[in-house]
Amino acid sequence: MKQTFAIGIGGAAGQGVATPGDIFAKIFSRRGLHLNAYNAYQSIIRGGHTFLTIRTGPEKVTNMGDQIDLLIPLNQDAVNRHLGLLTDGAACIYNADTIKPGAAADGVQLCPLPVSKLADITRNKVAQNTLAVGAGLSMMGIGFQALEEVLAEQFKKKGEAVVAENVGIARAGYDYATSNFKPFAWPLPMTENRYAVLSGNTAMAMGGAAAGVKFYCAYPMSPSTGVLHWMAAHARKAGIMVRQVEDEIGVVNMAIGAAHAGVRAMCATSGGGFALMSEGLGMSAMMETPVVVIDCQRAGPSTGVPTKTEQGDLWQMLGAAFGDYPRVIAAPLDIGDCFKIIPEMFNLVDKFQCPGIVLCDLLLSEGRLSVEAKDLDFNVAIDRGELITTNGAPSSEGTNGTYKRYQITESGISPRAIPGVPGHIHTAATDEHDEDGVLISDEFTNPIKRRAMMEKRMRKVVGIEASVPPPELWGPRDADVTLIGWGSTKGVIEEACEILSEQGISANQLQIRWLLPLHGDEILDMLKDARHTIIVENNYSGQFARYLRSETSYVPSGCIRKYDGEPFMPHHIVEAVKEQLSGKTKLSVPAHEIMV
Amino acid sequence: MATVVAAPKHLVMADLKGKVDPDWCPGCGDFGVLAAVQKALVELQIPTHQVVTISGIGCSSNFPGYINTYGMHTLHGRALAVATGVKLANHNLTVLVTGGDGDGFGIGGNHFVHTMRRNVDLLYIVMDNQIYGLTTGQTSPTSRVGMKTKSMPFGNIEAPVNPISMALAAGATFIARGFSGEQKHLTELIKQGIQHKGFSFLDVFSPCVTYNHDNTYQWFRPRVKKLEDDSAYDPANWIAAMEKSLLWGEEIPIGKFFERTDVPTLHGAEPVLNAGPLVHNAAPIPPDVSRAFVEELM
């Protein structure tokens with residue numbers, strides 16, 4: 001099993017959980033270590049309980065893992081909740097003045113910091129956090145200089161005195177630990193690599209910028225707001241018009257307006273906001289104006305659990321807006337993929353002139369991952385499709401030019417002229433229309449024309465399917481068990497497969513990225529020799545399992561589902577697989593042991 | 001590469017004729033609005049391909065199909081949101097938004113308020129007939145108290161909105177009211193609205209001859225009184241405009257209620273657009289900029 005080290009920092013919102021997290025993340029990534037961070041939090045600005053897990057190691061770290069090696073509780077509540085999870089070799093660094101940890105398991109090192117003796121807590125209210133960071137790094141075998149550099153950057157804006165004060169406190173914690181606590185058995189290694197650390201929301205926003213998005217608008221909604229924040233902060237440098245709109249109905253309509261005028265336009269929301277957008281999605285399809293909508297799923301229905309993750313919006317995406325129309329739905333597999341998937345989606349929707357949905361979730365949107373800089377390459381292929389932006393055609397300015405916006409073609413794609421181009425005047429309508437854009441209701445709803453236009457638009461489905469690759473089966477062909485997932489569960493399923501293999505159960509993985517088109521025939525072909533198939537997903541009803549069955553009639557051997565708001569941990573899947581292979585059940589719902 | 005540029009064509013009324021004739025009921029007030037818009041565009045000589053007419057849904061929202069400009073016939077109530085996107089993507093276009101009172105003040109009320117406060121540079125013409133026509137005659141947000149319709153057969157008990165006061169309160173920078181029966185006056189208001197830099201709101205009494213038997217041409221004609229005829233009226237005075245907006249009954253003012261020119265337009269206030277319309281800027285992000293975006297994450 002690959003070597004990793006995980007830190008858990010717990011406390012109330014407002015107590016400063018994020019800053020030590022950021023400091024650790026920076027030090028690890030600069031040390032050439034990979035990392036994955038996940039913050040379990042509540043919809044509250046001050047108080048409550050927040051638990052940040054940062055897991056690091058020299059190889060790719062794809063999920064939060066199963067164990068905490070170092071616990072830093074910032075209050076009594078955090079130690080009460082999490083100390084019981086620590087096992088032999090782990091440590092807990094805490095403020096001896098305010099926290100009484102109680103009994104820990106054998107081999108767990110309790111590390112009390114005499115905070116009021118080591119720092120002037122009347123001057124610095126978060127001294128305990130800084131002391132703990134220093135102590136922790138000492139025990140991990142990381143030189144103090146790395147911390148000094150990061151602190152200097154972190155507090156640069158506040159002036160040299162603040163930097164010096166924080167470095168001094170960190171140093172006191174570092175030295176105290178060196179003399180009083182036992183270092184971890186596995187000192188953190190160092191590599192030559194350097195990684196960028198980013199959230200899925202930042203990755204999707206950057207992916208949009210790379211794709212040439214010129215118009216981004218949104219209404220704030222967790223967990224999608226990070227996309228808006230990146231876009232707003234970088235808009236002027238990136239040449240992107242960013243607007244905050246009055247509601248999600250306005251958002252999608254504004255984005256479609258900008259797209260119709262000829263720019264790439266994108267917006268992001270969560271399930272509730274998406275529900276408001278669905279009529280607009282139909283407009284994009286009917287006017288054949290491409291738009292990309294990101295849905296960052298959170299636990300529903302309704303307001304649901306705003307700060308918790310779920311994969312519960314699949315059927316909303318499949319059924320969004322009434323009527324039949326071509327659409328593309330893709331779920332990024334990890335945070336690096338959040339970047340990559342956006343330009344791919346834009347090329348598809350520009351080519352096929354239809355709406356595209358990126359189905360992300362809180363786990364990726366707000367999680368953080370180390371990514372190689374080369375995987376954030378802005379030099380991406382851009383294909384705007386059949387777009388007429390200048391008056392190339394020998395068509396005259398006037399009433400009845402020869403240009404037909406919705407010309408019936410074999411591919412279903414009609415060349416799209418944008419407003420402002422002479423000789424291509426037309427009206428784009430949400431009413432059914434003829435090839436030249438005239439409403440068919442203006443001539444007593446002609447059934448022949450209606451059928452022809454429906455078939456024209458739906459012919460694009462064939463082209464879309466041919467433009468998107470089918471999924472691949474990863475791992476040994478003749479595995480004992482095949483785990484099927486979609487989107488964000490890629491990393492945790494991958495690790496579960498590794499653990500299963502180590503325990504003598506060979507496992508392979510089929511991870512779905514393109515949900516629509518699905519490539520059902522290819523999936524059936526891949527699964528036909530599988531010995532035991534299990535669909536793993538973060539929802540109650542098995543939304544993907546139901547979708548796969550509706551498209552292919554395929555029924556898996558079993559399902560693993562989780563709908564408590566927290567993501568899967570590898571052992572959840574491993575234990576469920578064993579339970580199912582032994583014939584105990586066909587449906588496992590792992591319990592989340594960490595109370596966050 | 002040499003580009004052949006044809007000399008600008010002199011626009012005549014026939015150039016503005018759409019692909020199909022309007023299917024409005026004979027006598028509908030919307031015919032007068034269509035003619036006035038076409039006349040205004042001819043008088044201003046704006047090339048047709050540089051105009052986008054955007055509507056929502058309803059009788060009057062069929063407008064874009066009847067005029068030879070670029071057109072978008074969008075969703076019920078959403079025309080202003082779509083139009084904002086169009087204008088921000090290409091602010092060189094002249095954007096006209098057309099629709100009815102149900103579309104604009106009912107289902108689209110939210111976008112109406114916010115588009116005004118943003119001062120998006122477009123002309124919004126509401127063909128206000130105080131009734132829902134395309135759904136065959138129900139009460140609208142501007143129907144008077146007591147008016148009997150299919151949805152309120154015992155009479156409307158809800159107070160109507162006052163579009164002019166609303167526009168004043170929401171910060172529209174050009175506010176006027178016209179009457180479909182006053183062609184010349186209406187054409188002049190449309191011209192002013194197009195030329196105004198910012199959000200222009202034009203509420204037009206456009207009688208529904210089929211479903212509204214209260215607010216007819218005959219009802220309006222003796223009541224409407226042009227603000228322009230009152231030499232003492234100052235459209236720069238917001239308070240005076242608000243007072244005038246409250247007049248209803250025997251005397252109903254039409255004309256320009258209010259205009260101010262000191263508020264930046266939305267596209268004018270955003271430095272991202274200083275380099276010109278977004279749609280003409282196809283250049284990718286410079287490598288040093290994108291590199292810096294990645295560097296800040298390291």
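The contact between chain A and chain B takes 57 residues from chain A and 50 residues from chain B, with two residues counted as in contact if their C-beta atoms, placed from the backbone, lie within 7 Å. This is a predicted model, where local features need pLDDT of at least 70 and side-chain atom pairs count only at pLDDT 80 or more, while totals for chains, interfaces and linings use all residues. Residues are numbered from 1 along each chain as its sequence is written, and chains are lettered from A and ligands numbered from 1 in the order in which they are written.

On the chain A side, H9(A) gives the most, with nine residues. Other elements giving two or more residues include helix H7 (200–210), helix H10 (271–287) and strand E17 (427–429) of chain A; helices (H or I, at least four residues) and strands (E, at least two) are DSSP runs, numbered from the N terminus. By class, this side has 31 nonpolar, 15 polar and 11 charged residues (Ala, Val, Leu, Ile, Met, Phe, Trp, Tyr, Cys and Pro count as nonpolar, Asp, Glu, Lys and Arg as charged, and the others, Gly among them, as polar).

As for packing, the largest nonpolar core has 247 residues. Such a core is a set of buried Ala, Val, Leu, Ile, Met, Phe, Trp, Tyr and Cys residues joined through C-beta atoms within 7 Å, and buried means that 20 or more other C-beta atoms, placed from the backbone, lie within 10 Å of a residue's own. Helix H12 (residues 335–352) of chain A gives the most to this core, with 10 residues. Among the residues with the most contacts inside it are Ala255(A) and Ile175(B). Leaving aside residues up to four places away in sequence, Ile175(B) touches Phe201(B), Phe257(B) and Phe258(B), among others. A second, separate core of seven residues includes Trp24(B) and Tyr132(B).

Back in chain A, Met266(A) sits in strand E10 (residues 264–269) and counts as buried because it has 31 C-beta neighbours inside 10 Å. Its contacts, not counting residues up to four places away in sequence, include Val213(A), Val292(A) and Ala255(A). Met266(A) and Ala255(A) are 11 residues apart in sequence and 6.3 Å apart in space, C-alpha to C-alpha.

Definitions and conventions: A residue is buried if 20 or more other C-beta atoms lie within 10 Å of its own, exposed if 12 or fewer, and partly exposed in between; C-beta atoms are placed from the backbone.
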